[in-house]
Amino acid sequence: MRCRYAGLIFPDGRRCCYYHATEADERLVDELDARAPGIGLVRDGRGDWGCTFGWPYGPNLYMATRQRLLEWAEPLGLRRSLRGHACRAWLTTGRRCYGACRTDDQVAGWPVAPGTASDLNPMPLSWPDHISTWTRDGEPAVIVAQPYHLDDVDYAHLGVIAADPAVRLEALPPGRSWYGARTYFLAVWRA
């Protein structure tokens, strides 16, 4: 049975709540939730079945996405950081810049490529979508973005990031991310 207004979305495309879930659905959710603390997720207090941990957007509803996230993060020893700030300062020094990274001449702490910003819109970028920050051994490790599309402005800014010797940019084509939905996978790793 399909729940119209609530529930989780399973790998076969069904959306259902706890009351309509099969035993296999329940086992899958319970198994994935049991692994959540291993990647740094904490209980968020809601208490709803399948939503007791602070899964990022996507894995919070889609079980296939949740599985892919765990398959990516666990072998790398990564933990989700809710205190991380998706900028160069946090990634390279471990300190938050509290927004100082977003000015007319820089975005996320990297210089804006010439001709990509304007006085009206200093951040015309698509790449910083579905952002999450991750640590390894308590230190900043990677900033992940999973945008739906990239344009010339994004490629110019990503080129600036890729040229930074303090980081390593990993870019995968659509469909290769844990988020799914035909998104790109962009990971800016601490070098």
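User: What makes strand 8 and strand 9 a pair, and in which sense do they run?

Analyst: First, the basis: this is a predicted model, where local features need pLDDT of at least 70, side-chain atom pairs count only at pLDDT 80 or more, and totals for chains, interfaces and linings use all residues. Residues are numbered from 1 along each chain as its sequence is written, and side-chain values use heavy atoms, with hydrogens and water left out. Now the pair. Two strands pair if DSSP finds at least two bridges between them. Strand 8 and strand 9 have 6 bridges, in the antiparallel sense. So they meet the rule. In this stretch, E170 stands opposite A187 of strand 9.

User: How do you know what counts as a strand or a helix?

Analyst: Both are DSSP runs, numbered from the N terminus: helices are H or I with at least four residues, and strands are E with at least two.

User: Which other strand pairs with strand 9?

Analyst: Strand 7 does, over 4 antiparallel bridges. There V144 has A187 in strand 9 as its bridge partner.

User: What is the order of the strands in the open sheet?

Analyst: The order is 3-6-7-9-8, five strands with antiparallel pairing. Strand 3 (79-81) and strand 8 are at the edges, because each has a single partner strand. One side of each is therefore left without a neighbour in the sheet. From one strand to the next, the twist averages 30°.

User: What joins strand 3 to the sheet?

Analyst: Strand 3 is joined to strand 6 (residues 132-136) by 3 bridges, and the two run antiparallel. R79 has T135 in strand 6 as its bridge partner. Helix 2 packs on the sheet and touches strand 6, strand 7 and strand 9. The direction of helix 2 makes about 30° with that of strand 6. Such angles run from 0 to 180 degrees between N-to-C directions, with axes fitted to C-alpha atoms, for helices over the stretch in contact.

User: Why is R66 called buried?

Analyst: Buried means under 20% relative accessible area, exposed means over 50%, and partly exposed lies in between (1.4 Å probe, protein chains only). R66 has 0% relative accessibility, so it counts as buried. R66 sits in helix 2 (residues 63-76). Leaving out residues up to four places away in sequence, R66 touches V29, L32, D33, G50, W55, P59, N60 and L61. A contact means heavy atoms within 4.5 Å.

User: How many aromatic pairs does the structure hold?

Analyst: It holds 6 aromatic pairs. Y18 and Y19 form an edge-to-face pair, at 5.8 Å centre to centre with 75° between the planes. The rule: rings of Phe, Tyr and Trp (its six-membered ring) pair if their centres lie within 6.5 Å; planes under 30 degrees apart are stacked, over 60 edge-to-face, and the rest tilted. So 5.8 Å makes Y18 and Y19 a pair, and 75° makes it edge-to-face. Y18 is partly exposed because its relative accessibility is 42%. Y19, at 74%, counts as exposed.

Y148 and Y179 form an edge-to-face pair too, at 6.2 Å and 80°. This pair links distant parts of the chain, 31 residues apart. Y148 lies in the loop between strand 7 (139-145) and helix 4 (152-162). Y179 lies in the loop between strand 8 (167-172) and strand 9 (185-190). Y148 is partly exposed at 41%, whereas Y179 is buried at 8%.

User: Which residues do ring pairs link into a cluster?

Analyst: The cluster holds W72, W134, W178 and F185.

User: How many disulfides are there?

Analyst: The count is 0. The rule asks for a pair of cysteine sulfur atoms within 2.5 Å. C16 is buried at 1%, and C51 is buried at 14%.

User: What makes the phi of H130 and of D137 worth a note?

Analyst: H130 has a positive phi of about 50° although it is not a glycine. D137, also a residue other than glycine, has a positive phi near 55°. H130 lies in the loop between strand 5 (110-111) and strand 6, and D137 in the loop between strand 6 and strand 7.

User: Buried or exposed: what are H130 and D137?

Analyst: H130 is at 18%, so it counts as buried. D137 is at 75%, so it counts as exposed.
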